[in-house]
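Please read it with the structure open beside you.

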Amino acid sequence: MKKIFQVVFSFMAILSFSQATEAIKFRGNITRFDDVTYKGFKVLDQRQDKSIGSIPFGENKEMKEVVFPTTPSNDFQAWFDRGNSLTGKNELLLILKRLKLSTGESEGKKTNGKMDFSAQLFQKEGDKYKFLYKKDTVFAFQDKEVSELMVKNIPTIFSIFIKKAYTLEPSQKAVTFNDLADYETYIKNNYEAFKNEQLKDGIYLDFTSFFNQSPVQGNYVLERNDKGEVTKAIKIENGKKEKIPAYKMFAYVENGKAYRKTMSGFIEINKNENGFYIIANRGHIFPAQYNSTYGMFGLIGAVAGSIDQAAKQKKMKNEDKEEIYIDSLTGEYDFQD
């Protein structure tokens with residue numbers, strides 16, 4: 001009898017300490033485009049922390065570990081194969097860098113949640129790889145059932161991310177598989193902006209010209225308004241005036257100091273061992289509705305609330321500022337937390 005009690009007690013102890021799981025459901029298909037096809041899809045899981053996160057679910061806030069149904073490689077490949085013809089000559093490679101879920105404070109009946117997301121896409125041609133796209137950011141969620149919302153939208157975010165492969169031209173520079181271990185460092189080592197101490201004065205229309213340090217040719221003079229804000233750059237040559245409005249600029253450099261164009265005006269660009277960054281917050285660089293699950297992918301209002309947009313924008317701008325890096329592979333903003 002004593003042995004029976006010991007067995008029952010041990011079994012109950014195991015159950016009490018075992019972690020319930022919530023598997024990601026890869027429903028639907030990844031929409032493809034008829035003029036672009038890939039013959040296969042591979043995943044390279046480079047996550048240092050393989051745990052997606054243990055977060056509360058349901059009314060009882062039961063802690064569950066979010067997991068892949070099998071493995072990232074198997075799950076993504078099966079999902080991709082379901083909706084694609086697999087007739088192209090090249091393959092797609094997804095490098096998974098980070099996928100981490102967490103929940104935070106509650107505001108009324110809604111709870112805040114975050115998804116730390118980092119992934120890269122490459123086109124494989126033979127035994128070489130060409131960069132396509134990357135996203136390195138933290139998505140913000142807010143909902144009464146925020147854990148369920150985040151898990152449900154993991155496939156949606158990856159679907160939108162993977163579809164970028166069908167709309168972007170791959171980099172002209174092909175690299176080997178070994179270069180993929182730290183592709184960003186490999187690229188930085190070849191950019192003039194990282195190799196040189198002094199930045200070239202001038203107007204830069206896109207991120208590649210900035211990192212390559214190739215400003216628009218010509219002696220452009222910056223023009224400012226009464227508030228001292230740059231409104232345009234003007235060049236007069238052979239009696240002909242040419243101008244570049246501020247909204248067309250990616251950045252400009254004046255007296256060795258760089259400034260990035262944002263929706264709140266130009267913000268100074270700083271540099272450290274991690275790269276180039278601005279001191280700002282989401283409210284300075286994104287409209288209020290972009291602070292949603294899909295904001296940085298271009299879908300507006302996917303998880304938008306009913307808060308007045310102007311008030312929400314003001315609230316966002318009043319949040320703490322942080323170092324927001326300018327991605328050297330895409331020119332987009334990288335949020336680290």
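1. A search of the whole structure finds 18 salt bridges, a salt bridge being a side-chain nitrogen of Lys or Arg within 4 Å of a carboxyl oxygen of Asp or Glu. Before going further, please keep in mind that this is a predicted model, in which local features need pLDDT of at least 70 and side-chain atom pairs count only at pLDDT 80 or more, whereas totals for chains, interfaces and linings use all residues. Residues are numbered from 1 along each chain as its sequence is written, and side-chain values use heavy atoms, with hydrogens and water left out.

2. One of the salt bridges joins the side chains of Asp 49 and Lys 100, at 2.7 Å from N to O. This pair links distant parts of the chain, since Asp 49 belongs to the loop between β2 (40-45) and β3 while Lys 100 belongs to strand β5 (residues 91-107), 51 residues apart; helices (H or I, at least four residues) and strands (E, at least two) are DSSP runs, numbered from the N terminus. Asp 49 counts as partly exposed at 42% relative accessibility, and Lys 100 is partly exposed as well, at 29%, where buried means under 20% relative accessible area, exposed means over 50%, and partly exposed lies in between (1.4 Å probe, protein chains only).

3. Another salt bridge is formed by Lys 130 and Glu 125, whose side chains meet at 3.6 Å, N to O. Lys 130 is buried, with a relative accessible area of 16%, whereas Glu 125 is partly exposed at 28%. Salt bridges that share partners also join Arg 98, Asp 116, Lys 134, Asp 136, Glu 184, Asp 327 and Asp 334 into one network.

4. What is Asn 90 in contact with, leaving aside its neighbours within four places in sequence? The residues are Tyr 38, Lys 39, Gly 40, Gln 123, Lys 124 and Glu 125, with contact taken as heavy atoms within 4.5 Å.

5. Strand β5 also takes part in an open sheet of 5 strands, in the order β2-β5-β6-β7-β8 and with mixed pairing; two strands pair if DSSP finds at least two bridges between them. At the edges stand β2 and β8, each with a single partner strand, so one side of each is left without a neighbour in the sheet. The pairing of β2 with β5 is parallel and runs over 6 bridges, and the bridge partner of Val 43 in β5 is Leu 94.

6. Strand β3 runs antiparallel to strand β4 (residues 62-67), to which 4 bridges join it, and the partner of Ser 54 in β4 is Glu 65. The hairpin of β3 and β4 has 4 residues between the strands, and in this hairpin Gly 58 takes a positive phi near 75°.

7. As for the aromatic residues, the structure holds 29 aromatic pairs, counted when rings of Phe, Tyr and Trp (its six-membered ring) have centres within 6.5 Å; planes under 30 degrees apart are stacked, over 60 edge-to-face and the rest tilted. Tyr 129 and Phe 177 form a tilted pair, 6.0 Å centre to centre and with 55° between the planes. Tyr 129 lies in strand β7 (residues 128-143) and Phe 177 in the loop between β8 (174-175) and α4 (183-188), so the pair ties together parts that are 48 residues apart in sequence. Tyr 129 is buried at 8%, whereas Phe 177 is partly exposed at 44%.

8. One aromatic cluster is formed by Phe 26, Phe 68, Phe 76, Trp 79, Phe 117, Tyr 133, Phe 139, Phe 158 and Phe 161. Over the ring of Tyr 133 sits the charged end of Lys 164, 5.2 Å from the ring centre, the criterion being NZ of Lys or CZ of Arg within 6 Å of the ring centre and within 35 degrees of the ring normal.
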